[in-house]
Amino acid sequence: MNQPTFSQLLRSPTMLLAFGFGSGLAPKAPGTFGTLAAIPLWWPLQHLSPALYLGVVVATGLLGCYLCGAASRRMGVHDHGGIVWDEMVGYWLTMFMAPAGWGWALYGFVLFRIFDIAKPQPIGWVDRRVHGGVGIMLDDILAAVYAALVLQLTALIIG
């Protein structure tokens with residue numbers, strides 16, 4: 001399977017989720033579109049208690065190990081660009097305990113995309129060496145940790 005169609009995604013819940021409800025089908029920058037698709041889903045999450053929010057992120061991350069691995073095997077390509085569940089979870093992790101507001105949501109988006117694309121160490125090493133669903137998820141989780149640290153530091157400085 002080269003690039004699935006939206007109708008093919010609709011026939012497979014695993015592929016539909018792995019492809020970010022279709023956002024991963026974008027012809028250019030599917031990771032960016034997958035991250036954008038995560039924002040409306042984040043909006044209600046931000047109102048959860050920190051423990052519940054983190055529980056949701058951990059659960060979606062674990063689910064992502066399965067989804068991304070299964071989609072990757074089905075596509076016959078490790079970390080196919082259209083698999084964007086990892087970007088979605090990465091954004092949600094970036095935004096853990098972030099200040100409220102659209103400005104912070106946008107800032108978190110930009111920070112996460114920078115770290116996900118640039119892959120500073122050890123993100124790049126993980127991206128090249130860890131395979132399967134865990135590898136697909138792990139580099140984005142690390143990018144999210146970097147992005148979250150910068151976001152929280154910025155919020156602390158700005159006050």
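A: Gladly! Let us begin with burial: a residue is buried under 20% relative accessible area, exposed over 50%, and partly exposed in between, using a 1.4 Å probe and protein chains only. Helices are DSSP runs of H or I with at least four residues, numbered from the N terminus. This is a predicted model, in which local features need pLDDT of at least 70 and side-chain atom pairs count only at pLDDT 80 or more, while totals for chains, interfaces and linings use all residues. Residues are numbered from 1 along each chain as its sequence is written, and side-chain values use heavy atoms, leaving out hydrogens and water.

Q: Which residues are buried in H5?

A: They are Trp-85, Asp-86, Glu-87, Met-88, Val-89, Gly-90, Tyr-91, Trp-92, Leu-93 and Thr-94. That makes ten of the ten residues of H5, so this helix is largely enclosed by the rest of the structure.

Q: What covers the buried residues of H5?

A: For this we need contact, meaning heavy atoms within 4.5 Å. The cover includes helix H2 (13–18), H3, H4, H6 and H8.

Q: How do I read the packing of H4 and H5?

A: Two packed helices are described by the angle between their axes and the distance between the axes. Axes are lines fitted to C-alpha atoms, for helices over the stretch in contact, and angles run from 0 to 180 degrees between N-to-C directions. Here, H4 (residues 50–75) and H5 (residues 85–94) have axes 9 Å apart and pack at an angle of about 165°. Angles under 35 degrees count as roughly parallel, over 145 as roughly antiparallel, 65 to 115 as roughly perpendicular and the rest as oblique. H4 and H5 are therefore roughly antiparallel to each other.

On the H4 side, the contact is made by Tyr-53, Val-57, Thr-60, Gly-61, Leu-63, Gly-64, Leu-67 and Cys-68, and on the H5 side by Trp-85, Asp-86, Val-89, Trp-92 and Leu-93. To sort such residues, count Ala, Val, Leu, Ile, Met, Phe, Trp, Tyr, Cys and Pro as nonpolar, Asp, Glu, Lys and Arg as charged, and the others, Gly among them, as polar. The contact of H4 with H5 then has nine nonpolar, three polar and one charged.

Q: At what angle do the axes of H6 and H8 cross?

A: The axes of H6 (residues 102–118) and H8 cross at roughly 135° and come within 8 Å. H6 and H8 are therefore oblique to each other. Residues of H6 including Trp-104, Tyr-107, Gly-108 and Leu-111 meet residues of H8, among them Ala-147 and Leu-151. The contact of H6 with H8 divides into 13 nonpolar, two polar and three charged.

Q: Is Leu-151 buried or exposed?

A: Leu-151, found in helix H8 (residues 132–158), is buried, with a relative accessible area of 0%. Beyond its neighbours within four places in sequence, Leu-151 is in contact with Thr-94, Met-95, Ala-98, Pro-99, Trp-104, Tyr-107, Gly-108 and Leu-111.

Q: How many disulfides does a search of the whole structure find?

A: A disulfide is a pair of cysteine sulfur atoms within 2.5 Å, and the search finds zero. For Cys-65, the closest cysteine sulfur is in Cys-68, 7.6 Å away and too far for a bond. Cys-65 is partly exposed, with a relative accessible area of 25%, whereas Cys-68 is buried at 0%.

Methods: Helix = DSSP H or I, 4+ residues; strand = E, 2+ residues; numbered from the N terminus.
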